[in-house]
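Here are my notebook entries from an afternoon of looking things up in one structure. Have the model open beside you and follow along.

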Amino acid sequence: MTAVDAFVRTGTVEVLSPGMQTSVQDDVGRRGLWDVGVPPSGAWDDLSFALANRAVGNPPGSAGLEAVMTGPTLRFGQRTLICLAGAVGAATVDGEPVRPGVVTVVPAGAVLDMGPCGSPGLRGYLAVAGGIRVPAVLGSRSTFLLGAFGGVDGRALQTGDQLPLGRLENLDAPLDVAPLLPVLTGDWQLRVLPGPHGPDHLTQAGLAQLFGAAWTVDHRADRTGVRLVGSAPEWARQDGGEAGLHPSNIHDSAYPVGGVMLSGDTPVIVGPDGPSLGGFVVPCVVIRADRWMLAQLRPGDTVRLVPVTPDEADRVNAERTALLTHPAAAIDRVTWGAPGAPSRPVVPAQRGPAAPVPPPIPLAELAGAEHRPGIVVRAAGDHHVLVEAGPPELDLHVRVWVHLLAERLRDLRLPAVRELVEGVRSMLVQVDERALPLADLAALLLELAVEVPDPEAVTLDVREVRLPLALDHPAIHEAMARYARSVRPDAPWCPDNVEFIRRINDLDARDDVFDVVTAATYLVIGLGDVYLGAPVAVPIDTRHRLLTTKYDPARTWTPDNAVGIGGIYLCIYGMESPGGYQLVGRTVPIWRRVPGSDEPPWLLRPFDRLRFVPVTADELADRRAAIRSGEEDLDVRPATFSLAEVRALESAHEAEMTALRTQRRAAFDAERARWAAR
């Protein structure tokens, strides 16, 4: 063995047994890519993992391991300091018990068996002095399993993997953090901030039921999101109009991590690997200090959503920040829970019957004037604001206006602004609220709003992208069949999404659906709709706007690059994922990572014009392989877009457009009546 071989061997950890879905994660995650559908990822129980990292002296951003239900068995090539946290209760080193939160010396050659994780709790964490030094991808070492990047080749650990460890210079002194590790349970109280959506969507009784119910964690709960099972909420409206058949459907808007979206009648809490953009109501958001609990929810656990005030959320979040900034001082002087209890975070105590929840008060409002739509700025949790412009409908004038507003905010390059995601008629902004309080951000947005030029006078330099489309592709029929077998066989879109689209739009034949899709020119009005550069697009010509609804509940599996329609919007799925759009075909990859390349992996851009060219499934297979390998690129041509083009179409075809809208709305109403009668 050479000296280099010895160094490599002693500087790594060997995976003897991978455990269940064990992945490399850090405690910071990816930032600044939410607008193209790249989630932050990172350790889900960020409190437990951050404490473990601090225990071994690592700086923020160091990577460790997250395991689900069963931890890995690892052999250490060199003497190492470790700390375990989360739902780890039976770990051993060479057969000797290891206590979570206590810094433990692992001798060279020793074997750590993390053992089972929970119950209570579900996920266990391992921090190693120096961190796990896998390459950073898109700014983080964290694994995004669905996207297949980060960590170890974008996947969960496998037997035989060798995990490289980082350098030990300049680490902080070790610190036992056992007194600070959070208490786990099977009955959880999640503190939430009401909004950004509310009384316009749910009745007061519906909101009271949402916050008063004891929800059950569904078995379909993972890093993308946690589904909760309970009774259907009471809605304040019959449907979502052009956004979809169900009243939960809205025009696509960005989600904050921790947002409780209503996917149909099912609450789903967005996780760290969740989608950034979607078309569902968000009636409340879990406060940041309680998001660690989401990682520890087990199927069958009970969850209550407890509304709190912004002041209470700020107080709790400040306590959490102080805990992580000065853990040694917290051990000495911070007492959590009842008098005499251990000095550690606990689940908030159960409260009595919920009082009526007041509607969230907007942070700022500005009436419409001339070319500017009216805007409302609302808090979307404790470190996001949601700007909504104009009435709740699709208006390309409003969409361009929102884009121009977003560009002005981007041009300021404010360090406190962490993410900025444009929706159909909205904009979600994430900030460091300690550096830029939400009220100050809202005031700034109003100042910028009055400076936005008239969208009717703006011409955007864009691209025309022609994509091959295999209509009725076998993979989309497999997705439909899986849904019918395992989720909801009696759904009105089963067994055939295309037949459902035909019926709800009063078309004569299935091929008429395909004719409309391939005749349309679609305008990309958002990216990240169901991950990784996936576009949400709408036909520029309203005669091509087919009206459908989203699945309720959503699919658990969609093939990558499937093409679907939800409401009046078209989406191309960037990867295998859950989904809710009605599927019509499949196209080429729209996300491609080339190692060593500086080119962004997302291949589409906002306001691209999309055209589809029909091909066979076999022809598509060849094109998909060529795009994925980099041998071929998308068919891209320079183009422009202006609202003048839209106005010319409206002027030339006004009578036909009005008649089609009336015809399709009547078919939509008839389908809703059939659905309600089932």
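**Entry 1: helix α14**

I looked up which residues of α14 are buried, and found M657, L660, R664, A667, F668, E671, R672 and W675. Keep in mind that I am reading a predicted model. An α-helix has 3.6 residues a turn, so residues three or four places apart point the same way. I kept that in mind while going down the list again.

What do the buried residues of α14 pack against? I noted two partners, α10 (497-504) and α13 (643-652). Next I checked the length: α14 runs over residues 654-677, which is 24 residues. From its first C-alpha to its last it reaches 35 Å, close to the 34 Å expected at 1.5 Å a residue.

**Entry 2: the nonpolar cores**

In soluble globular proteins, nonpolar side chains tend to be buried together. I went looking for that here.

Which members of the largest nonpolar core touch the most other members? Among its 119 residues, they are M427 and F641. Helix α7 (residues 396-412) gives the most to this core, nine residues. A second, separate core has 51 residues, including L47, V177, F211 and M293.

I then stayed with M427 and left aside its neighbours within four places in sequence. Its contacts include V402, L405, A406 and L409. Others among them are V385, L386 and V387, and L445 is also on the list.

**Entry 3: the largest pocket**

Rolling a probe the size of a water molecule over the atoms shows where empty space is left. I turned to the pockets with that in mind.

The largest pocket has a volume of about 1,300 Å³. I found 46 residues in its lining, and D27, R31, D46, R288 and R320 lie nearest its centre. The elements that give two or more residues to this lining are α2 (46-55), α5 (310-325), β23 (417-422) and β24 (426-431). Which element gives the largest share? It is α5, with seven residues. By class, I wrote down 18 nonpolar, twelve polar and 16 charged residues for the lining of the largest pocket.

**Entry 4: the second largest pocket**

The second largest pocket holds about 760 Å³ of space. Of the 36 residues that line it, T224, R227, Y531, R555 and P578 are the closest to its centre. Among the elements that give two or more residues to this lining are β13 (215-222), β14 (225-229) and β28 (555-558). Its lining divides into 16 nonpolar, eleven polar and nine charged residues.

Most residues other than glycine have a negative phi, and most peptide bonds are trans.

Where are the cis peptide bonds I noted? One runs from G118 to S119, with omega near -5°. S119 sits in the loop between β9 (111-113) and β10 (123-128). Another joins D552 and P553, with omega about -5°. P553 is in the loop between β27 (535-539) and β28.

Then came positive phi values. E370 is not a glycine, yet its phi is near 55°. I found E370 in the loop between β20 (364-366) and β21 (375-379). Is E370 buried or exposed? Its relative accessible area is 82%, and the cut-off for exposed is over 50%, so E370 counts as exposed.

R413 also has a positive phi, about 50°, although it is not a glycine. Its place is the loop between α7 and β23. R413 is exposed too, with a relative accessible area of 72%.

I finished with V308, in the loop between β19 (302-307) and α5. Is V308 buried or exposed? With a relative accessible area of 8%, V308 is buried, because buried means under 20%. I also looked up how far V308 is from L324: they are 16 residues apart in sequence and 23 Å apart in space, C-alpha to C-alpha.

Notes: Residues are numbered from 1 along each chain as its sequence is written. This is a predicted model: local features need pLDDT of at least 70, side-chain atom pairs count only at pLDDT 80 or more; totals for chains, interfaces and linings use all residues. Side-chain values use heavy atoms; hydrogens and water are left out. A nonpolar core is a set of buried Ala, Val, Leu, Ile, Met, Phe, Trp, Tyr and Cys residues joined through side-chain atoms within 4.5 Å. Buried means under 20% relative accessible area, exposed over 50%, partly exposed in between (1.4 Å probe, protein chains only). Helices (H or I, at least four residues) and strands (E, at least two) are DSSP runs, numbered from the N terminus. Contact means heavy atoms within 4.5 Å. On a 1 Å grid over the protein atoms alone, a cavity is a set of points where a 1.4 Å probe fits but cannot get out, and a pocket is an open set with protein on both sides within 12 Å along at least five of seven lines; lining residues have an atom within 4 Å of a point. Grid points are joined across faces, edges and corners, and a volume is the space filled by probe spheres set on the points. Ala, Val, Leu, Ile, Met, Phe, Trp, Tyr, Cys and Pro count as nonpolar, Asp, Glu, Lys and Arg as charged, and the others, Gly among them, as polar. The expected span of a helix is 1.5 Å times one less than its number of residues.
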